[in-house]
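Hi,

Here's the structure I promised to pass on. Have a look at it first, then read my notes below.

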Amino acid sequence: MPTSITGKRVAFLATDGVEEVEYTEPRKAVENAGGTAELISIKDGQIQAVNHLDKAGTYPVDRLVTDARVTEYDALVLPGGVANPDFLRADPAAVRFVGDFVATGKPVAAICHGPWTLVEAGVVGGRTLTSWPSLRTDVTNAGATWVDEPVHVDGALVTSRKPDDLPAFCDQLLAQVAA
């Protein structure tokens with residue numbers, strides 16, 4: 001039987017440069033499981049997604065991160081792309097939102113370069129996670145153990161390496177939200 005998360009709200013924190021499939025596939029998984037997905041960003045209007053380095057689709061922002069409240073969501077997803085998490089980790093409101101979210105113990109799922117924002121929020125020390133391989137040094141310098149696995153779950157933290165890992169990532173995201 002498929003995982004149901006009916007009645008659950010999942011925040012997707014992203015901005016320009018988000019890897020399209022790392023936003024759209026988890027969002028589709030959440031919605032197909034009965035959950036509500038909301039795109040939160042550091043900018044109003046629309047965000048520009050990418051397919052690697054090429055422009056892809058645009059997506060409407062539901063709420064600015066400065067207006068979002070952690071208490072309104074059951075889970076947080078941090079999609080990757082190289083530029084997206086780099087912009088997010090330079091935004092104090094986005095970093096604070098991520099740190100506050102992790103502190104609640106609610107599920108947080110980050111894929112590819114998404115863990116950069118977790119590193120910036122100072123919430124990975126003593127944890128084990130995976131990411132795009134080039135983040136290994138950042139993750140370990142932040143006090144975490146980096147593993148090369150398609151998906152790794154450490155408490156309520158779900159991490160994956162790349163778009164090829166999306167099926168396992170989405171399954172674990174839904175399992176954490178449903179728990």
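Let's start with a definition: a disulfide is a pair of cysteine sulfur atoms within 2.5 Å. Keep in mind that this is a predicted model. With that cut-off, how many disulfides does a search of the whole structure find? The search comes back with 0. Cys112 is in no disulfide, and its nearest cysteine sulfur belongs to Cys170, 14 Å away. Seen from the other end, the closest cysteine sulfur to that of Cys170 is in Cys112, and 14 Å is too far for a bond. Are these two cysteines buried or exposed? Cys112 is buried, with a relative accessible area of 6%, and Cys170 is buried too, at 9%.

Now zoom out to the whole chain. You'll find 6 helices and 12 strands in it. The radius of gyration is 14 Å, close to the 16 Å that the globule rule gives for 179 residues, so the chain is as compact as a globular protein of that length. If you draw a box around the C-alpha atoms along the principal axes, it comes out at roughly 35 × 35 × 30 Å. Of the 179 residues, 51% count as buried.

What about contacts along the chain? Take those between residues at least 6 apart in sequence: 63% of them join residues at least 24 apart.

Thr15 sits in the loop between strand 1 (9-13) and strand 2 (18-19). Thr15 counts as buried because its relative accessibility is 2%, and the cut-off for buried is under 20%. Setting aside residues up to four places away in sequence, Thr15 touches Ser41, Ile42, Lys43, Ile47, Gln48, Asn84, Phe87 and Leu88.

Gln48, one of those partners, is your second stop. Where is Gln48 found? Look in strand 4, which covers residues 46-51. Apart from neighbours within four places in sequence, Gln48 is in contact with Thr15, Asp16, Gly17 and Val18, and also with Lys55, Ala56, Gly57 and Thr58.

How values were computed:
Residues numbered from 1 in each chain as written. Predicted model: local features only at pLDDT ≥ 70, side-chain atom pairs only at ≥ 80, totals over all residues. Heavy atoms only, no water. Helix = DSSP H or I, 4+ residues; strand = E, 2+ residues; numbered from the N terminus. Contact = heavy atoms within 4.5 Å. Buried < 20%, exposed > 50% of the residue type's maximum accessible area, 1.4 Å probe, protein only. Rg over C-alpha atoms; globule rule 2.2 N^0.38 Å.
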